[in-house]
Amino acid sequence: MGRSRPKLTSPLLPKGVEIIVPPPPYEACSFIDKLLVYASSLVVVGSPLWFYGGILYLYRRWNKYRALASITKDGIAVADDENDNCTSSGESSQERPDDNMQQYKKYKSLTSRYGAALAVLLLISIWRPHGSRRLGEWLDVRKWRLWDAWLNYVGFTVLHDKGDNGRDTKLLLDHREFDPRTSPALYAFVPHGIFPFGLAFSCLPQRGYENTWGLFRPVVATATRLFPLVRTFIDWMGGVDASRSAVSSALSKKGSSRLGISPGGIAEMFETYPKPGFHPNDEAALLKHRNGVFKLALKHNVPIVPVYCFGATKMFRRVQLPHFIETLSRALKISLCLLFGKMGLPIPFRQRLMYVIGKTIWPSLTTGDAGSSLGGEEFNDRVQHMHDAFCEEIVRIFERNKGHYGWENKTLRLV
C-alpha cells in the first residue's frame, strides 16, 4: 500500500464525494500557458495535415524536377520557374548547349534534394527510432512544462464519489484490498470525446496521475498511428493497441496489468449532437453492447474503475457528415470527421475537465483464469452482471455530480 491520497470535502458537493485534485484558479492559466496550448495543438492535433501535406509537397516537387531534368537532358530548353528566365522552346541544344546543361544540373540537384528529404521523412516515419519508450523516460516527458500549461488550461479537477452507501450492488460491495495507484486495474474513462483528451491527461502528465489513479498504460485505437506526434507520445507512455489480443497480453504480464481505456472507442465520438436524434444537452456513452472490456476483466480477474470526465465532449466540435462516412469510419476503425475548435482551427475550446472516479467494480470470480474455468453461458452471465454494474455506476456518478459542474440540464444516454 502506498501513501494515502489527500482528501478534501466541500459542503457544495454531494455526500460521499471527496476532492482529490482541486480545480486551479481560472487565472492560473497564464498568457504563456495559452501560447503553449495553442502552439502544441496546431503541431500535435494538426499533425496529419502538415505531415501528410509535407509528404505530398515533397513528392510533387521531386516528381516535377525529375521530369524537368529528363527534358533538359534530351536537349529541350524549358522555362526556369525560379527566376522567370525563359528560353524559346524552338531553340535547339546546339544553339544554347551551355544553358541546357546548366538547367539540367540545376534540376538534377533539386531532384536529389527533394528525393533525399522525402526518403528521410518516410524512413523516419516507418522505422521510428524516436518512438522508443526509453527515449521518453530519458526526456522525462511526463514532467514537461507543457503539461502544466494544459492542465491549467482545462482546469484539471478530480473527485472521488464513494456514494452514500445506500444503494450498493453485490459487485460494488467487494471490499478487497485495493490501492488505486498500484493495484492491477482497468480504468475505464467515459466518454471518449472527439479527441481523447480525457484519457490523455489522465496518464501523460505526472501531475495528472501521481495523486489520483497512479501510472497506467493507455489502450489506444490503431487509428492513432495516423497522427505522427500523437503516436510518438503514445509510444513513450507504453500504449497498448485496442485489439483484444494486445490488451489481454498486457493484462497477463506481471507489472503491466494497469491499463486505461475508453470503452466507447472511436465510434462513441459520432454518438452525440449534431447527430440526428440528439439534443445539444445530451451526453452519450456507447456502452449498451460493449462487453469486450468486461470479458477481459473477468478473464484476468482485475477490477474496473469507472471514471466519468465532464467536459471531454466539448473540447472540439464536429461537422455532421453523411451517414456513410460514419459507417466507413467504423469499418476502417479510424476517425473520419471534420473537427474544429477556436477560430476554426484544431485548437480546443477552453473547457474545464472534471474527472469523477466511481466505485471499483470487481469481477465475481477470484481465482484462476475465468475464461477457461467457466462454461460459456455462466461466463456470459457474469460478464453481463459486471457490465450492468458498470453502466449503473456511470449513470450514478454522472447524475450526482452534473449539478456542481453546471450541467443541471444535461442528460446521459447509454447507446
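These questions and answers concern a predicted model.

Reader: How are helix 1 and helix 2 oriented to each other: parallel, antiparallel, perpendicular or oblique?

Author: Two packed helices are described by an angle and a distance between their axes. For helix 1 (residues 31-45) and helix 2 (residues 47-73), the axes are 5 Å apart and the angle is about 50 degrees. Angles under 35 degrees count as roughly parallel, and 65 to 115 as roughly perpendicular. Helix 1 and helix 2 are therefore oblique.

Reader: Which residues of helix 2 does helix 1 meet?

Author: On the side of helix 1, the residues involved are Leu42, Val43, Val44 and Val45. By class, this contact of helix 1 with helix 2 holds six nonpolar residues, one polar and no charged ones.

Reader: Which helices do the buried residues of helix 5 pack against?

Author: Helix 5 (residues 145-153) is mostly covered, with seven of its nine residues buried. Among the buried ones are Trp147, Trp150 and Tyr153. The buried residues of helix 5 pack against helix 1, helix 6 (197-203), helix 7 (206-209) and helix 8 (228-236).

Reader: Is Asp161 buried or exposed?

Author: Asp161 lies in strand 2 (residues 157-161). Leaving aside neighbours within four places in sequence, its contacts include Gly16, Val17, Lys359 and Glu393. A residue counts as buried under 20% relative accessible area. Asp161 has a value of 0%, so Asp161 is buried.

Reader: Which strands are the edge strands of the open sheet?

Author: Eight strands form this open sheet, with mixed pairing, in the order 1-2-11-8-3-6-4-5. An edge strand pairs on one side only. The edge strands are strand 1 (17-21) and strand 5 (240-241).

Reader: Which residue of strand 2 stands opposite Glu18?

Author: Strand 1 and strand 2 run antiparallel and are joined by four bridges. The residue in strand 2 that stands opposite Glu18 is His160.

Reader: What angle does helix 10 make with strand 8?

Author: Helix 10 (residues 292-300) packs on the sheet. There, helix 10 touches strand 3 (185-190), strand 6 (258-261) and strand 8 (304-310). Between the directions of helix 10 and strand 8, the angle is about 145 degrees.

Key:
Residues numbered from 1 in each chain as written. Predicted model: local features only at pLDDT ≥ 70, side-chain atom pairs only at ≥ 80, totals over all residues. Heavy atoms only, no water. Axes fitted to C-alpha atoms, helices over the stretch in contact; angles between N-to-C directions. Helix = DSSP H or I, 4+ residues; strand = E, 2+ residues; numbered from the N terminus. Parallel < 35°, antiparallel > 145°, perpendicular 65-115°, else oblique. Contact = heavy atoms within 4.5 Å. Nonpolar A, V, L, I, M, F, W, Y, C, P; charged D, E, K, R; others polar. Buried < 20%, exposed > 50% of the residue type's maximum accessible area, 1.4 Å probe, protein only. Pairing = 2+ DSSP bridges.
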